[in-house]
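Subject: Handover of a structure and notes on its contents

Dear colleague,

Please find below the structure that I am passing on to you. My notes on it follow directly after it.

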Amino acid sequence: MAALSFAYSRVASSDLDDSSSSNGKASDKGSKRQDVRSLVITGATWGLLVISNLTLLGLWWRSSQLAKVCVRPKLSYSPAKEAIKYELRRLHRALDHNNFTGEPRQEFDAAWNQILEPDLLDPKHETAMTIKISQEELSHLSDESIAFQDGSGYIAELAVYHEIHCVKILRRFLNMDYYYPNITKEKLDFEKVHADHCLEYLREAAMCRGDTTLTTFFWKNEIPYSRVYSDHECVNWEALDTWARSRMVDMSSYDHLEH
């Protein structure tokens with residue numbers, strides 16, 4: 001049998017170097033891609049953490065700011081809410097040097113006639129301020145109202161003016177001899193019912209608002225008395241009154257209303 005012979009040749013060191021260099025370059029590229037991927041993932045993670053923390057910080061700041069102002073839920077609709085601005089105001093309830101208190105007199109009636117000036121527009125039936133609202137505004141309410149004949153809108157009333165009207169009626173009721181010197185029994189019976197209505201209107205209004213303002217006490221003649229004044233979150237009356245008077249309706253005649 002013929003002998004098999006194998007020839008061996010030594011691998012050149014340059015070939016090994018080239019192969020090793022090629023594998024090393026590939027490994028370096030893979031390592032660099034891995035490093036870039038890790039940096040991207042790390043950067044994205046930190047970015048999300050920063051964004052989430054900033055979002056939480058913003059929500060906390062917003063809630064802290066809202067806590068400083070009076071925020072009320074919008075459970076009922078009124079176009080007048082666009083004019084509402086709240087402010088901190090001390091209510092003094094002073095009886096002296098106050099044109100709204102005391103015995104009937106010229107200054108007393110002038111003050112009430114100014115704050116409820118619209119009453120003077122309706123000599124037939126002394127009411128609170130009547131304003132005009134649009135069809136769209138009326139659509140947010142649960143009841144219909146009386147329309148203007150020209151189709152320009154409907155009449156409505158802000159509750160706050162009815163409340164003030166009731167206070168005025170009660171003050172007149174306390175001074176019947178002055179305001180109704182020759183009152184008939186029929187008129188007297190009407191005014192009694194009117195006063196009873198106003199008391200109930202104001203009772204419900206007070207319980208509806210549920211003013212939580214705290215009033216402190218002091219000693220007087222060995223008896224604890226609550227202080228007359230207190231600091232309240234109040235509506236800016238001038239802003240609301242200006243808005244209402246811009247929509248005020250002349251009710252001295254009903255000819256412009258649909259029947």
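The notes below begin with the chain as a whole and then turn to particular helices, loops and residue pairs.

Please bear in mind throughout that this is a predicted model.

**The chain as a whole**

The chain has 259 residues, of which 22% count as buried. Seven helices and six strands make it up, and from the N terminus on these elements follow the order α-β-α-β-α-β-α-α-α-β-β-β-α. The accessible surface amounts to about 19,700 Å², and carbon and sulfur atoms account for 58% of that. Among contacts between residues at least 6 apart in sequence, 69% join residues at least 24 apart.

Helix 1 covers residues 13–66 and includes W61. This tryptophan, W61, is exposed, its relative accessible area being 51%. W61 also belongs to a nonpolar patch on the surface, together with V50, L54, L57 and W60; the accessible area of the patch is about 590 Å² in total.

**Helices 4 and 6**

Helix 4 runs over residues 159–173, and its 15 residues should span 21 Å at 1.5 Å a residue; the end C-alpha atoms are 21 Å apart, in agreement with that value. Its buried residues are Y161, H162, E163, I164, H165, C166, K168, I169, L170 and R172. The elements that cover them include helix 2 (106–115), strand 3 (154–157), helix 5 (176–179), helix 6 (185–209) and helix 7 (237–245).

Helix 6 passes the corresponding check: its 25 residues should span 36 Å at 1.5 Å a residue, and its end C-alpha atoms are 36 Å apart. In this helix E191, H194, A195, C198 and A205 are buried, and helix 4 and helix 5 are among the elements that cover the buried residues. Leaving out residues up to four places away in sequence, H194 touches H165 and I169, both of which are listed among the buried residues of helix 4. Helix 6 is followed by G210, a residue with a positive phi near 55°.

**Loops**

Most residues other than glycine have a negative phi. Against that background, two residues in the loop between strand 1 (86–91) and helix 2 deserve a look, namely R93 and H97. R93 has a positive phi near 55°, and H97, which is not a glycine either, has a positive phi of about 55°. R93 is partly exposed at 40% relative accessibility, whereas H97 is exposed at 88%.

S145 sits in the loop between helix 3 (135–138) and strand 3 and is partly exposed, with 29% relative accessibility. Which residues does S145 contact, leaving aside its neighbours within four places in sequence? They are L138, Y154 and I155. S145 and I155 are ten residues apart in sequence, and their C-alpha atoms are 6.6 Å apart.

**Salt bridges**

How many salt bridges does the structure hold? There are ten. One of them joins E137 and R247, with 2.9 Å between the closest N and O atoms. This pair links distant parts of the chain, since E137 is in helix 3 and R247 in the segment after helix 7, 110 residues apart. E137 is buried, with a relative accessible area of 11%.

Other salt bridges form within a helix. K187 and E191 meet at 2.8 Å, N to O; both lie in helix 6, four residues apart, about one turn of the helix. Here K187 is partly exposed at 33% relative accessible area, while E191 is buried at 3%. D241 and R245 form a salt bridge at 2.7 Å, N to O. They are four residues apart in helix 7 and are therefore separated by about one helical turn. D241 is buried, with a relative accessible area of 12%, and R245 is partly exposed, with 22%. Finally, E87, R89 and E238 are linked in a network of salt bridges.

Yours sincerely

How values were computed. Residues numbered from 1 in each chain as written. Predicted model: local features only at pLDDT ≥ 70, side-chain atom pairs only at ≥ 80, totals over all residues. Heavy atoms only, no water. Patch = residues over 30% accessible without salt bridge, like charges linked within 9 Å, V, L, I, M, F, W, Y side chains within 5 Å. Areas by Shrake-Rupley, 256 points an atom, 1.4 Å probe, with all protein chains shown as cover. Salt bridge = Lys/Arg side-chain N within 4 Å of Asp/Glu carboxyl O. Buried < 20%, exposed > 50% of the residue type's maximum accessible area, 1.4 Å probe, protein only. Expected span 1.5 Å × (residues − 1). Contact = heavy atoms within 4.5 Å.
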